[in-house]
Amino acid sequence: MKLMEQMILKDGKVLPGGILKVGSFLNQQIDTELLAAMGEEIKRLYAGDHVTKILTIESSGIAIAAAAGMAMQVPVVFAKKHKTSNVDGEVYSSVVHSFTHGTDYNVVVSRDYIRPDDRILLVDDFLASGSALEGLIELADAAGAEVVGVAIAIEKCFQGGGDELRAKGVRIESLAMIDAMDDDGGVSFRPQPEA
């Protein structure tokens with residue numbers, strides 16, 4: 001998605017340790033025009049896949065998932081990073097590692113929200129090592145639901161998570177695919193097919 005690449009080049013900041021800061025347009029502050037365009041692009045990419053539900057993880061993936069859910073007219077469910085008092089009853093759970101925060105989370109979703117007949121699209125802001133997506137796939141599998149694919153805002157290809165998941169047969173559509181980032185703030189993208 002050229003618009004996403006342009007926003008990364010214009011407003012993204014490369015930080016030490018392979019971190020790309022996109023807080024000015026995607027995480028802490030959200031460019032709503034970009035968000036709406038992302039929702040429409042995800043809808044286009046998965047048209048015909050009969051998605052019944054979108055699953056993401058709190059918190060940065062929620063806005064993107066909601067934009068896709070509105071465009072596709074399907075509900076959005078998000079996995080919480082901790083079981084809180086407002087998550088009652090039985091849950092599906094999985095442990096995921098956050099590359100950005102350098103910690104593990106036990107993510108949970110109420111069993112009421114994912115059903116065996118669901119066709120789930122996973123949505124998240126970043127794909128680095130793939131741990132979050134593996135955790136979400138585990139949640140969907142535990143429910144007996146089918147994961148039809150993954151939509152990612154920004155994939156850091158140099159960290160290999162996307163390649164590993166694709167090798168396992170997971171369909172991944174990333175709106176921007178970064179091949180490399182350098183210490184001087186340079187970003188290079190993997191060419192993508194034209195829409």
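Predicted model: local features only at pLDDT ≥ 70, side-chain atom pairs only at ≥ 80, totals over all residues.
Visitor: Let's start with Lys 2 and Glu 5. Where do Lys 2 and Glu 5 lie?

Guide: Both sit in helix H1 (residues 2-11), three residues apart, which is about one turn of the helix. Glu 5 counts as buried because its relative accessible area is 11%, and the cut-off for buried is under 20%.

Visitor: And which residue forms a salt bridge with Lys 168?

Guide: That's Glu 134, with the closest N and O atoms 3.4 Å apart. This pair links distant parts of the chain: Lys 168 is in the loop between helix H5 (161-167) and strand E9 (172-181), while Glu 134 is in helix H4 (residues 131-143), 34 residues away. Lys 168 is exposed at 60% relative accessible area, and Glu 134 is partly exposed at 32%.

Visitor: Is Glu 155, then, buried or exposed?

Guide: Glu 155 is buried, at 0% relative accessibility. Its side chain meets that of Arg 166 in a salt bridge of 2.8 Å, N to O. Arg 166 lies in helix H5 and Glu 155 in strand E8 (residues 146-156), so the pair ties together parts 11 residues apart in sequence. Arg 166 is partly exposed, at 26%.

Visitor: Which residues are linked in a network of salt bridges?

Guide: Take a look at Asp 49, Arg 171 and Glu 173, which are linked that way.

Definitions and conventions
Residues numbered from 1 in each chain as written. Heavy atoms only, no water. Helix = DSSP H or I, 4+ residues; strand = E, 2+ residues; numbered from the N terminus. Buried < 20%, exposed > 50% of the residue type's maximum accessible area, 1.4 Å probe, protein only. Salt bridge = Lys/Arg side-chain N within 4 Å of Asp/Glu carboxyl O.
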